[in-house]
Amino acid sequence: MSPRILVLDFDGVLCDGRSEYFASSCRVCSQVWGLAPAQLEPLRPAFDRLRPLIEIGWEMPLLLWGLQQGIAEEDLRQDWPGWRQRLLQQAGVSERALAQALDEVRDRWLAEDLQGWLGLHRFYPGVTAWMRQIQAAGEPRLAILSTKEGRFIQQLLLREGIQLPRHRILGKEVPAPKATTLQRLLAATQVAPEELWFVEDRLQTLRQVQSVPELEQVLLFLAEWGYNLPEEREAAARDPRLHLLSLEQFCQPFEQWLALPVPSPRLAVSPASPEDFTPTRKRPEAGLASLVLTLVELLRQLMEAQVVRQMEANRLSAEQIERAGSSLQALRQQIRQLCALLEIDPADLNLDLGDLGTLLPRQGDYYPGQPHGEGSLLELLDRLINTGIVIDGEIDLGLADLDLIHARLKLVLTSSAKL
């Protein structure tokens with residue numbers, strides 16, 4: 001089973017643009033409210049966490065302004081639609097004014113520093129290689145349905161060597177809800193509803209599509225790697241009309257999109273003991289397991305950074321990028337499964353190293369060339385590997401004041417691409 005038309009959301013499905021969202025929102029806040037970057041930079045982690053609440057681009061600078069005004073993150077998360085209207089009134093601006101300001105900021109940025117703007121966007125691992133394969137095969141026909149400006153999407157795709165016809169990029173300039181646009185697309189293409197598949201990272205959008213009788217047979221997928229919350233992913237997994245899609249599945253043949261997760265054969269099943277019903281939920285081995293999984297996550301993000309660096313330097317083929325992306329996503333999924341088994345919050349996989357910062361970024365994955373507001377050992381290791389270092393020294397091992405072993409060491413630590 002495969003689609004004839006595959007409709008993809010852009011932000012949160014194909015591309016992660018959180019760094020650009022924050023940077024552009026800072027510029028709008030500076031232009032509209034006169035806020036300085038130093039006032040806004042500490043709000044980046046909260047902004048990233050609340051990004052799943054955003055539906056239309058103009059909401060991003062409003063969210064950032066609300067955080068700067070001291071509105072609690074949890075309050076915004078619990079009732080963003082209500083706060084959105086209150087913040088507009090308090091700020092004395094309109095939706096249209098914010099949308100225009102955001103477009104002007106991006107237009108000016110594109111004109112002055114196109115490569116800098118493009119460089120703040122990261123396509124998810126394996127996605128662009130997969131899109132090229134679909135285009136080469138000619139089936140299914142790809143279309144992008146997004147609230148982002150179509151011209152911005154086209155620029156980002158061209159940077160990745162993907163030339164999608166402009167009429168297949170349905171951006172913010174299409175003034176209609178996504179459900180309505182899907183109806184029009186079905187009518188224009190004359191394909192059966194079940195032959196149109198739609199991948200989106202916002203559960204609310206998929207719910208709106210579900211409410212349209214003409215779209216009842218359209219296959220709907222929630223991208224679990226996108227801008228959504230854990231409770232939304234859980235709700236999608238319980239809905240028989242929705243398919244929860246992992247990034248690993250996304251880059252595989254279409255029959256894998258509909259495959260149910262296979263339980264790991266390494267997990268043993270045994271009767272529950274009385275201890276399992278005690279109020280203390282965390283397993284005693286979780287402390288050591290958390291440390292081990294943190295180190296594994298460090299290695300995963302470090303390897304991902306090296307893949308990104310080699311990909312941006314055009315050192316990897318499309319097949320190599322796809323293999324690397326699939327492997328990294330599989331490793332991420334295994335870490336999450338182990339966290340669930342041991343009742344460990346994945347957000348706790350980190351270590352505070354005092355003056356050195358933290359082992360991993362406090363929020364989100366590390367992306368090379370885009371430092372976080374707070375330092376991390378991961379960023380330092382990536383920079384050292386990218387630059388290359390040599391450790392040269394001698395070691396004497398002895399016992400009872402006797403020198404027994406003498407070792408001379410020379411360690412070269414660098415990216416394999418530099419050798």
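Buried means under 20% relative accessible area, exposed over 50%, and partly exposed in between, with a 1.4 Å probe and protein chains only. The structure shown is a predicted model, in which local features need pLDDT of at least 70 and side-chain atom pairs count only at pLDDT 80 or more, while totals for chains, interfaces and linings use all residues. Residues are numbered from 1 along each chain as its sequence is written, and side-chain values use heavy atoms, with hydrogens and water left out.

View 1. The secondary structure comes to 17 helices and ten strands, where helices (H or I, at least four residues) and strands (E, at least two) are DSSP runs numbered from the N terminus. Of the 419 residues in the protein, 46% are buried. Where contacts (heavy atoms within 4.5 Å) link residues at least 6 apart in sequence, 66% of them join residues at least 24 apart.

**View 2. The loop that holds Ser-317.** Ser-317 is found between α15 (286-312) and α16 (318-341), and its 34% relative accessibility makes it count as partly exposed. Although Ser-317 and Ala-129 are 188 residues apart in sequence, their C-alpha atoms are 8.6 Å apart in space.

**View 3. The open sheet of six strands.** The strands follow the order β5-β4-β1-β6-β7-β8 with parallel pairing, two strands being paired if DSSP finds at least two bridges between them. At the edges stand β5 and β8 (242-245), each with a single partner strand, so one side of each is left without a neighbour in the sheet. Strands of a sheet pair through backbone hydrogen bonds, either parallel or antiparallel.

**View 4. Strand β6 and its partner strands.** Five of the five residues of β6 are buried, so this strand is largely enclosed by the rest of the structure. Both of its faces are covered, with Leu-196, Phe-198 and Glu-200 on one side and Trp-197 and Val-199 on the other. Four bridges pair β6 with β1 in the parallel sense; Ile-5 stands opposite Leu-196, and Leu-6 has Trp-197 as its bridge partner. Strand β7 (residues 219-223) is also joined to β6 by four bridges and runs parallel to it, with Leu-222 of β7 as the bridge partner of Glu-200.

View 5. Together, β6, α12 and β7 make a right-handed β-α-β unit, a crossover being right-handed if, with the strands pointing away from the viewer, the path from the first strand over the helix to the second runs clockwise. Helix α12 lies across β6, β7 and β8 and runs at about 170° to β7, whereas helix α13 (residues 230-238) lies across β7 and β8 at about 130° to β8. Axes are lines fitted to C-alpha atoms, for helices over the stretch in contact, and angles run from 0 to 180 degrees between N-to-C directions.

**View 6. Helix α11 and what covers it.** The buried residues of α11 are Lys-178, Ala-179, Thr-181, Leu-182, Leu-185 and Leu-186. These residues cover an arc of only 160° around the axis, which puts them on the same side of α11; the arc is that of the directions from the helix axis to the C-beta atoms. Their cover includes β1 (5-8), β4 (141-145), β5 (169-170), β6 (196-200) and α12 (203-210). After α11 comes Gln-190, whose phi is positive, near 60°.
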